[in-house]
Amino acid sequence: MDAIKKLFRELMPAVEFCSLRLVDENHEELLVRQNVLQPLHSKRSRGAMLSVIHRGGYGYAATSDLSRSGLGAALRRACDWASQSAARGVTDFSTLPQSSAQGRYQGPSASGLGRRDLIALLQQESQACRIDARIVDWQAAIARTSSRQMLCNSAGADLEQSFDYLIPSLSVSAHHDGDTQTRSLGGQYNGFCQQGGSEILSAAGLYGAGARVASEALALLAAPNCPSGVMDLLLMPEQMMLQIHESIGHPLELDRILGDERNFAGTSFVTADMFGHFQYGSALLNVTHDPSRAEQFASYHWDDEGHPAEKTWLIRAGVLERPLGSALSAARSGLPGLANARACDWNRPPIDRMANLNIEAGSSTLQEMIAAVEYGVLMNTNVSWSIDDSRNKFQFGCEYGQLIKHGELQGWLKNPNYRGISDSFWRSLKMVGDATTCAVMGTPYCGKGEPAQVIRVGHAAPACLFEQVEVFGGDA
């Protein structure tokens, strides 16, 4: 990296601002399906994005050719785009604040995880899944990524950050008499994703998961369908993860609010005049953007433009305070921003993104929340979702539910679903779980942008109880 940095300094053109952002990632996926080790999938991605601001215009160009000629050619393309966009953009890019921060950051390390040991673990859990002839498919996997990133610019910024990402997963499908049910470890879309090493495997419950998850899939086959009606709904963290993501995270992205994403990923029901007074949820709702929690999937010290990240309250006591907006969106809207300009790789420009979007813990135990329900359903682990393009009306399905009657948990339910409207749903929040009910989840697959970007996002949440929600099952 030092050699590339030196080349960039030598090639720096006579412009108002220029930067180089380099990403070097190694990724591999280990998968055992029905006790058979699948071919190893591995890839390396290494390249740099060169950005230029000059006379109010902005241009960028990416290259995997990190030689002097390759970086020079990318810089010339970026300069050309900056010249062509001058006086034609939505803002004067010359007025944007630029980072001059310097430093190094290393996230939680995954050192010591040997491939042979990981494969042995996956084989062990896979072999434990076939506990009954009705188990028809099963697989266990571990994906891991090592990412090293560097940012330097003409304002003096000199930053390096290193991250180790780990994603354990396991799923089992059972089938009988025309019905198929699937249970998984943290969801079928890799909800147990964090930064770090072997401690994540333990936290996710991978050790011993094979037989347990298989028995839960069989239990769902025998379970009745979730009832339909308006009732109390207790959501556990594996479902809260997606509820936060879709009905708080995306609506608060400031570029959506400004209309940038309308053609591709949709807009938002939130408008710029709502900040500071809009009652987004009940007084129990407290939401933070927190890139500083090291083990979470999207933790970092500086965003991809070099701005320092810190814990920021977006919703406090139910009132909407701040959007998820980068320095560019903040300048365009006049609203306060935060350090969330992020790109999925070296060949994409940073845009407004969630990082770790969390719900702060409350004061209720899980038992207290169950005891407060006269008739309702507990749901956990997302399996399906649908939400309109303004991130307002939604419908979500979970892998399993449990009936709650007279303050006590009853048997399992299959095919549980619920629907609502974002702000009225969050206003129905009537109890928030304490720290003992919290779990750290996330997703590697948050899609947005043109050209498309799929990025890592973290969500930590407690169990939450909502009142009078429309619930329905497989018979509805």
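Is Arg115 buried, exposed or partly exposed at 42% relative accessibility? Arg115 counts as partly exposed, at 42%. For the terms, buried means under 20% relative accessible area, exposed over 50%, and partly exposed in between, with a 1.4 Å probe and protein chains only. The areas themselves come from the Shrake-Rupley method with a 1.4 Å probe, and for residues only the protein chains shown count as cover.

Before going on, the ground rules. This is a predicted model, where local features need pLDDT of at least 70 and side-chain atom pairs count only at pLDDT 80 or more, while totals for chains, interfaces and linings use all residues. Residues are numbered from 1 along each chain as its sequence is written, and side-chain values use heavy atoms, with hydrogens and water left out.

Back to Arg115. This residue lies in helix α3. Helices here are DSSP runs of H or I with at least four residues, strands are runs of E with at least two, and both are numbered from the N terminus. The side chain of Arg115 meets that of Glu28 in a salt bridge, 2.8 Å from N to O. A salt bridge is a side-chain nitrogen of Lys or Arg within 4 Å of a carboxyl oxygen of Asp or Glu. Helix α3 covers residues 115–127 and Glu28 sits in strand β1, so this pair ties together parts that are 87 residues apart in sequence. Glu28 counts as buried, at 8% relative accessibility.

Arg427 is found in helix α10, residues 422–427, and counts as partly exposed at 40% relative accessibility.

Now the other salt bridges. By the rule given, the count comes to 30. One of them joins the side chains of Glu25 and Arg456, at 3.2 Å from N to O. Glu25 is in strand β1 (residues 17–33) and Arg456 in strand β23 (residues 453–461), so the pair ties together parts that are 431 residues apart in sequence. Glu25 and Arg456 are both buried.

Another bridge is between Arg183 and Glu399, with the closest N and O atoms 2.7 Å apart. This pair links distant parts of the chain, Arg183 in strand β8 and Glu399 in strand β18 (residues 393–405), 216 residues apart. Arg183 counts as buried at 5% relative accessibility, and Glu399 is buried at 3%.

There is also a network of salt bridges linking Asp2, Lys5, Arg104, Arg148, Asp158 and Glu160.

Glu160 comes up again with the cavity. What lines the largest cavity? The lining is Arg21, Gln149, Met150, Leu151, Leu159, Glu160, Gln161, Asp303, Asp304 and Gly306. On a 1 Å grid over the protein atoms alone, a cavity is a set of points where a 1.4 Å probe fits but cannot get out, and lining residues have an atom within 4 Å of a point. Grid points are joined across faces, edges and corners, and a volume is the space filled by probe spheres set on the points. The structure holds one cavity of 30 Å³ or more, and about 80 Å³ of space lies in the largest cavity. Strands β6 (135–153) and β7 (158–176) each supply at least two residues of that lining. By class, the lining has three nonpolar, three polar and four charged residues. Here Ala, Val, Leu, Ile, Met, Phe, Trp, Tyr, Cys and Pro count as nonpolar, Asp, Glu, Lys and Arg as charged, and the others, Gly among them, as polar.

On the surface, Tyr189, Trp385, Tyr445 and Val454 form a nonpolar patch with about 430 Å² of accessible area together. Patch residues have over 30% relative accessible area and no salt bridge, and nonpolar side chains (Val, Leu, Ile, Met, Phe, Trp, Tyr) are joined within 5 Å. Tyr189 is in the loop between β8 (179–184) and β9 (194–195) and is partly exposed, at 38%.

Last, backbone geometry. Glu450 and Pro451 are joined by a cis peptide bond, with omega about 0°. Pro451 lies in the loop between β22 (439–448) and β23. Ala87 has a phi near 70°, a positive value in a residue other than glycine; Ala87 is exposed, at 83%. Arg391 has a positive phi of about 55° although it is not a glycine, and counts as buried at 12%.

Terms used
On a 1 Å grid over the protein atoms alone, a cavity is a set of points where a 1.4 Å probe fits but cannot get out, and a pocket is an open set with protein on both sides within 12 Å along at least five of seven lines; lining residues have an atom within 4 Å of a point. Patches are made of residues with over 30% relative accessible area and no salt bridge: like charges are joined within 9 Å, nonpolar side chains (Val, Leu, Ile, Met, Phe, Trp, Tyr) within 5 Å.
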